[in-house]
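Please read them with the structure open.

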Amino acid sequence: MIELTVDGIKRQVDVVPEMPLLWVLRDELGITSAKYGCGVAQCGACTVHIDGLAVRSCQSHIGEVAGKSVVTLEGLDNRDQHPVLQAWIEHQVPQCGYCQTGQIMQAISLLGLIPRPTDEQIDQVMSGNLCRCGTYPRIRAAIHAAAAASKTAEK
Amino acid sequence: MGHMQTLSRRAFVFGSATVAGGIAFGAYGNVEAAAASTDGNPLATGLGPNSVTFNPWVEISPDKITLIAQHADIGQGVGSVQPIMIAEEMDLDPGQFEIRFAGPSPAYFNTGFADEFAPFVAADQSPAAEEARAATLEWLRKSGLQMTGGSSTIPDTYEKLRVAGAVARETLKAAAAKRSGVAIADLRTQSGHVILPNGSKIAFVALAAEASKIPPVLDAKPRDPSKWRMLGKPMMRLDVRAKVMGELKFGIDMKMDGMLYASVKLNPNKGQPIKSYDASKARTMPGVKKVLEIKNGVAVIATNSWYAMKAVDAIACEWAPSAYPAEQADHWKVLESSFKPEFLGKEWKKIGDIDAGLKTGKLVEAEYRAPYVAHQPLEPLNGIGLVTDKGMEIWVGHQSPRFVQWVAATAIGLKPEQITFHNQWTGGSFGHRLEYENIGVLAQIANQMKGTPIKLVFSREEDFLQDIPRQIAIARHRGSVDKSRIVAADLQLASTTPLKGLLERSGTPSKDPDGQLAAGLWNVYYDIPNFRATSYEARGLSPSTTWRSVGASTSGFFTESFIDELIHAAGLDPMKARIAMCTVPHYRKVLETVAEMSDWKGPLGNGRGRGVAFVESFGTPVAEVVEVTATERGIRIDKVWVAADVGKVVDPVNFENQVQGGVVWGLGHAMNCELTYSKGAVQQTNYNHHEAMRIYQCPIIEVRGLENDPKVRGVGEPPVPPAAPALANAIFAATGKRIREMPFNKFIDFV
């Protein structure tokens, strides 16, 4: 049995330690907001937070995640009012939407490190997240909007 | 004759049929014939007590209102805009109805293909063209072709879904009139209720039982667009919130009790069987339940997807060799030798005297190439299948429900009607989910695991290996310029056949020349006195299929790059010359609009360059200007301007998103994507080999929609074809280097 905390809840899974966190989340725990896209850290669709940092869950072996705290999009604090998710809705970013949960988790991580990113900084941090539908202009706009909203909220 | 088509579309769609315990409005065929039959409306079967279905798109029970999204949602917004077109007319608000995808039924045949399949260019609105389109429509009705594709989401349903909503609204009013004794004319509808003159309200759901007992109001007319509450205005896509919150379940997210997981290793020599395999190691691996042989490979059944993928990877297989050349160089050789009469597809168009024209003035000749390309939507192919003694149930996101039935049934010796298909939300398609790589395989696996639901997920690598690619093509274009004018253009290409291939694999083979090879080749709207467009169909190469914008994705690049070469040879400005040569007034307006948006004033200098391209595909004329800068690190794409005329912009925010996405798609794949064969298999097996555009390369994309076209057109694909030639033309303007082959990064670096 491997123990970890997912979205604030302690979980136990009986799988081999090499299994990527992604598949534990999806197939063992039924948390499907983390998506399988490439399996080799090329697309970012599987992005979750481990101890507060964005990671590709397809590259994190469950054995190494044991005892850590994993947060998926579904477990975000204040998810319904989260400024990044709100900006994503406001700007109607998704088309097919498959990559967007990963994009959002990466964007939240970005804004945690750089509260008011420039386009260049957005490009740098978000380029590991592929969107086959081509929603990049809206992703940029939503990140700027979320940054502005967070700034306003702080005042 | 435009009138005739409108009439015939409606007549095909609306009839009425009374059924026991309810009523169904909207059978197909003429009204009289349909009145005696329930065949037309698939919702009539399975209708609960005290419920009503007005047509194949509306179902009301005492508990809820369900609106049917006729097409598959592949990210283009079907699951939002189609129900909203009905809701607009029914006076329903978002949140007052559930959405369900259409099941397989000829009632959902795609009227939107009439224009694309009839052998006339889109701008031709002559009586002969309209008659041919009406005949095509009748063929579509008879064949019951239910397919999402060809940018037909809006063209197919713009009329019929609004009429469907209007019929429902007026019939509910009639039921309310009967109940209340108030004249219909004194009733109105609002927010899911019929409103009586005294202000009291009756919920639609409360009228279901009574509505099922009265004749439907078939002459209900949709409202004038000026009265729209939602359509035509910025509105929120209904699926956005669920997608952002991570709550929307895609096909790959579905789960069933007792389900096991499957992954496959299939012969990468597409279409060929497995010869032998050694699964001794796989059988001992964790989570593995079973190893199964199927026709073209092996499957592992395991307790989760990753165990299945790991184990199937450990199986050593011996494959039957490919039927097409094993090596890529030989694919090109076959194409090179296909410009011969015996491979003629069709001479699609001939104007003037091409031989004499080519001898006038200065001759320009150029060869262009476009490679195989993969679709690779981010959600890999998947599906859940359950085979029992009665038949098979299949849960999968697919664009052709009836063909899924045929393919699955054929794979395991059932009849199509024994396949129950449940369409799913999909993480993109771009043409991938028109093919069947996962369908027959899933049927074979589930058939060997009777009674157990099996969830099949392709690994990304397997998905790449099995992905039936976009056509490969070579163009050999010749033209001449004289006295600052294009005198002749002789456009010839040899290509594999995407549509023919798809139809064959769908069980409906066609002997006709592949019409998609004419797209972007013959629908050239420039005043060129001597013009010819000819396609040759290469044989014996990789199977090919429809890839977002299909034929025009390659031909648009060839044609608009070559036209640019001719314009430069004639010493003209690329934008001004196109505007001057354009023979269709509202297409000219598209070019003028993009010129105005980009403030086109000729060459920019200082290593910067702009290119323009104009392509009509699927009836939608699109002009794009791409601006690039040649930097020390390579070409940087700075900005793109797009003008597209769709007749009516129904969903403006999504319209912009679709157009921007189409530009990103067109540019990204032109820059750096190709599939190449070696030893019969493609060499690119993940996104690092086939990257397309990432956000750091994405330019600012400014979009304007025009509404001058006499018909309502689609926009999923048409922004794709002009992107590649506009980029190539911009690179030429910035560097003097003319790139005639995709992907461009074989010849120039990008930032």
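1. Of the contacts in chain A between residues at least 6 apart in sequence, 63% join residues at least 24 apart; two residues are in contact if their C-beta atoms, placed from the backbone, lie within 7 Å. This is a predicted model, in which local features need pLDDT of at least 70, side-chain atom pairs count only at pLDDT 80 or more, and totals for chains, interfaces and linings use all residues. Residues are numbered from 1 along each chain as its sequence is written, while chains are lettered from A and ligands numbered from 1 in the order in which they are written.

2. Chain A has six helices and five strands, in the sequence pattern β-β-α-β-β-α-β-α-α-α-α. Helices (H or I, at least four residues) and strands (E, at least two) are DSSP runs, numbered from the N terminus.

3. The radius of gyration of chain A is 15 Å, which agrees with the value near 15 Å for a compact globule of 155 residues. That radius is taken over C-alpha atoms, and the globule rule is 2.2 Å times the number of residues to the power 0.38. The C-alpha trace of chain A spans about 45 × 35 × 25 Å along its principal axes.

4. The contact between the chains takes 45 residues from chain A and 48 residues from chain B. On the chain A side, H6(A) gives the most, with four residues. That side divides into 24 nonpolar, 14 polar and seven charged residues, where Ala, Val, Leu, Ile, Met, Phe, Trp, Tyr, Cys and Pro count as nonpolar, Asp, Glu, Lys and Arg as charged, and the others, Gly among them, as polar.

5. In chain B, the axes of helix H17 (residues 551-569) and helix H21 (residues 723-735) come within 8 Å and cross at roughly 35°. Axes are lines fitted to C-alpha atoms, for helices over the stretch in contact, and angles run from 0 to 180 degrees between N-to-C directions. Residues of H17(B) that meet H21(B) include Gly556(B) and Phe557(B). The residues of this contact divide into four nonpolar, three polar and two charged.

6. Chain B also has an open antiparallel sheet of three strands in the order S7-S8-S9; two strands pair if DSSP finds at least two bridges between them. S7 (188-190) and S9 (201-203) of chain B are at the edges with a single partner strand each, so one side of each has no neighbour in the sheet. Three bridges join S7(B) to S8(B), and Thr189(B) has Val194(B) as its bridge partner in S8(B).
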